[in-house]
Amino acid sequence: MSENNDNQPLQSNRNKWGVLIAALFAGFTVVLNNSLMNVALPHFMQLYTLTAVEGQWIITAFALGMTLVMPLTGYLSKRVGSKKIFLLGTLVFLVGSIAGPFSWDFTSMIGFRLVQGIGGGMIMPIGMMLIFKHFSKNERGFAMGIWGVAIMIAPTIGPTVGGIILEYSSWEMLYIMNVPTSLLSLVLAIYFLTKDGDSERVSFDWLGFLLVSGGIIGLLVGVDALQSTQNGFVYFMIGLGFALLIGFVLHELRTDEPLLDIRVLKNFIFTASLLLLANSTIAMFSVLLLIPILIQDIYGLSALYAGLLLFPQALSMGISMTIGGRILDKKGPYPVIMTGVVLICIATFGIAYSLADLQPAFLIALLILHGFANGFVNTPVTTAGLNALPASHLPAGTALNNVSRQMMKVISVVLLSMLFEARRAHHVANGNDHLPSGLLAVQDAYIVVGVCLLLSIPLVYLLRNKWGKGS
């Protein structure tokens, strides 16, 4: 495949913005589709008479499909071409969305969710890769900021949109609403993406694929099951997942044609960006998980109210991503990321220590600050990490970034849920008469998240000289 110089755009302005819009629509649709299903979980549990563990497979199947395909995207982009893989991913996701409303039982629905996940697993890393190929290095921050608006806002507005759909329409619309944006993305990609260059003759690393697939399945299934049960089988799956992933790493370091070139992790800036991204993901899901619990379970208000309360936070995150991307392009990563990490620490501890006497207006203000700060961290960290890689390592870098992001989403939700339940049980046992045990548990969880974020500050400080002004 032909590659552009890191500092030169691959196409004209018209084409590169068309590529960005195609990647934006596809990415937004994939992420929104997943967040819509979170709020619909109780509906499907009632529809198919499921337990919480069984119903969770609507979410897990999609995550599995995405995460299993993502390590393959580096190989596929070299062997087949990034344009073809992006079009194939969009088409597969579209097929899963069209088939979803025709599910005849829960098993078939899980199958169609897996198909959607496979399509989404091709779309996300390849879409990011295409943006980096079509924009020069000093434009990528702004372009990724625009792309990030769609990717980060989608999970925030998803519960609200899903609640409205289930309130005024039927569950089939959760699938059907993906069709127009998927078709639009497909048309834009066909028109704007340049023809793929000659394919590279690379062999397929079957052992690497089996190791990483088994590791991801074991880890995701095991971690996901921790929410509802903690028995020997669950810990066996988690242990097996870790063991297979370690085996995958050792194998990839020894093979000449790795499935996923994890040698990119030797780049300190890229590896640090993944660690910072993990903390940013935890911070984001502390809002998406704990604030709805606070509003609905503790204060007894509606899911729609919780969704509307979160919307200003999503809006502020979208605005700050574009601003942060522009600052990154002009000043380098350090000022924008350090500002974001410090502000998100302030917002997180602010939420934690004001819950006892929290007014809605003040909570909204803190959430807006939280969203604005996270927008300064999430996408700029990704852009800075990938900018530090040579063009030949972008396929592996984008795949690793997306696999890490997807894994951290699942792990964040599980760990935050377990932390909340454990702390609530503790406060119930200790019989606090002044505040509800659930409120105290949310406060404890936010303090833990805040401490994790504080640990990011020294890492950002250490990176300041390595990033340099132009990065």
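Let me begin with accessibility: buried means under 20% relative accessible area, exposed means over 50%, and partly exposed is what lies in between, with a 1.4 Å probe and protein chains only. What you see is a predicted model, in which local features need pLDDT of at least 70 and side-chain atom pairs count only at pLDDT 80 or more, while totals for chains, interfaces and linings use all residues. Residues are numbered from 1 along each chain as its sequence is written, and side-chain values use heavy atoms, with hydrogens and water left out.

My topic is salt bridges, each being a side-chain nitrogen of Lys or Arg within 4 Å of a carboxyl oxygen of Asp or Glu; by this rule the count is four.

One of them joins K16 and E139, with 2.8 Å from N to O. Because K16 lies in helix α1 (residues 13-48) and E139 in the loop between α6 (106-134) and α7 (140-168), this pair ties together parts that are 123 residues apart in sequence; helices here are DSSP runs of H or I with at least four residues, numbered from the N terminus. K16 counts as buried, at 2% relative accessibility, whereas E139 is partly exposed, at 25%.

Now to helix α17 (residues 394-430), where R424 and E421 stand three residues apart and are therefore separated by about one helical turn. Their side chains meet in a salt bridge of 3.1 Å, N to O, and R424 is partly exposed at 27%, as is E421 at 42%.

Finally, D261 forms a salt bridge with R263, the closest N and O atoms being 3.4 Å apart, and R263 is partly exposed, with a relative accessible area of 29%.

Technical notes. Helices (H or I, at least four residues) and strands (E, at least two) are DSSP runs, numbered from the N terminus.
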